[in-house]
Amino acid sequence: MGDTHRALECDGRAQSWATKKIPAKAQRKGEPAVHMTDQMRRLSTPWSIAFERSERIAKANLPPGIILDPAVGSGIHLASICIATNTVGLGIELDEEAARFSAANMNRLLPKGKDPRRIAHRIIIGDGVDSTGALSCLHSSLDASGIKSTPPIAMIHVDPARPLDAQNHTLDEMAPPLRPLLQAWLPHMEIDHRGPALLLDLSPRLSKKQRSEVDKILDELAPGVNRTWEWLSQGGGRIDRLSVWVGPLASSEKFRAIRMGPSAVESMISSSEQSLFISEKKTMPPRFDDWIVVVDPSIVESRLHIDWLNSYIDESYDPIWQRANLRRPVLVSKTPPPPALMSDPFVVAAGRVVAHRLSPPNMENAPTLARAAERAGVGHLVLRCEVDPELHPKIQKRLNKSLKGVDGSRGFVIDVPVSSRDGGWHVNFVTCSEK
Ligand SMILES: C[S@@+](CC[C@H](N)C(=O)[O-])C[C@H]1O[C@@H](n2cnc3c(N)ncnc32)[C@H](O)[C@@H]1O
């Protein structure tokens, strides 16, 4: 066995070790129990996302071979792909403790039974970029279990760790780094006419420049191969996952936005072209009785906003993008949005303007804000505007307290940029009723 890497079998021994260290626990209701340190939990892909993706991967008709995850972390994403595709998994993890938990999680999650391939899954402790060291370790370990041949790699899934300050990191700071990783493993892949099957899980905060660097790496290493960029949101007002699906995993469209619900995809939009950058219209403050639609940022970040909105625009609904480039894209219109738009999963909230103010919500003015909303028939007000994250729950609590027992519709407060007389712009805090 190579001395740079050590192989772990995904068996009962791995599970007993893990159980003694940290008992297995479901991360969310209805999810399988797994072993994880707090650090691993922060880095891991939620089971619902891993599971949903794996079902899509299973439809891709992958070439024969095993699934490689060279930065396997908790192992739950690798296990979900192996389960859905009925294939053997190879995970590599630099951190020994995480690798041991990963082997235990693979054992917990993979179906039990007499399938002889059940003993072939491995987690290797070591550097995922060093394909030679990892493969030599895998060969020796499989050989010791009586498995003489080592299959090729059918697909790579990789979710590199990124620096905590993810806003400003470079691609080289991803661990493991993408280019050397792909260079090391592509020669070991089983590749058909569709090119290599890759799923790259990237930081949702990658800048446009960094995304084009990823495109450049793929253009060089997998020229002419289809790829689909995917922005996924779980509805919390941010992009939760950014990924690139390559070769057999790509669709015919190059760009896709997904709104994921608690366990299933609620809506998806895709296109071969991205729309032009939206020019925001920071005009007059929205008037009383104008309509505001707060849109999921994945629609704007993926630049699929025109395709998405086009199906809703007609002679009676012609909104402007009052804000397009921040966390909460906002559409403003004179007329109510069509009912189908109001119930679109990519819509975060929609309502009619009932009040405005220039100062942001704070602990002092929350009761006044609540009273103004109450006069407009609002009985529950949600803060959807930028406020200090530490104060946010406190102000929300104060609003809830001020409106306790008030019967009325749901409403929200949103920050809307408007033009100032001096040619600049300022923010208006607008209360909307969702009735
Ligand atoms: C974002 S996490 C992966 C999480 C995983 N998808 C999950 O669901 O648990 C990235 C992992 O890569 C590991 N890592 C970083 N550099 C590595 C390298 N060169 N080789 C192998 N693993 C590496 C880190 O220790 C970390 O556990």
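The buried residues of helix H7 are covered by, among others, strands E4 (66-69), E5 (89-93), E7 (153-158) and E8 (197-202), along with helices H6 (131-144) and H8 (208-221); contact here means heavy atoms within 4.5 Å. This is a predicted model, in which local features need pLDDT of at least 70 and side-chain atom pairs count only at pLDDT 80 or more, while totals for chains, interfaces and linings use all residues. Residues are numbered from 1 along each chain as its sequence is written, and side-chain values use heavy atoms, with hydrogens and water left out.

H7 itself takes in residues 178-185, and Leu178, Leu181, Leu182, Ala184 and Trp185 are its buried positions (buried is under 20% relative accessible area, exposed over 50%, partly exposed in between, with a 1.4 Å probe and protein chains only). Looking down the H7 axis, these buried residues fall within an arc of 160°, so they line one face of the helix; the arc is that of the directions from the helix axis to the C-beta atoms.

As for the chain overall, there are 13 helices and 19 strands, taken as DSSP runs (H or I, at least four residues, for helices; E, at least two, for strands) and numbered from the N terminus. Of its 435 residues, 52% count as buried, and the C-alpha trace spans about 75 × 50 × 35 Å along its principal axes.

Next comes the sheet. Its 7 strands make an open, mixed arrangement in the order E14-E15-E13-E16-E19-E18-E17, where two strands pair if DSSP finds at least two bridges between them. E14 (320-323) and E17 (378-383) sit at the edges, each pairing on one side only. On average, neighbouring strands are turned by 40° against each other, direction ignored. Strands E18 (409-419) and E19 (425-433) run antiparallel and are joined by 9 bridges, with valine 418 opposite histidine 426 of E19. Helix H12 (366-375) lies across E16 (347-357), E17, E18 and E19, at about 135° to E17; axes are lines fitted to C-alpha atoms, for helices over the stretch in contact, and angles run from 0 to 180 degrees between N-to-C directions.

Tryptophan 308 is buried at 3% relative accessible area, and tyrosine 312 is buried at 14%.
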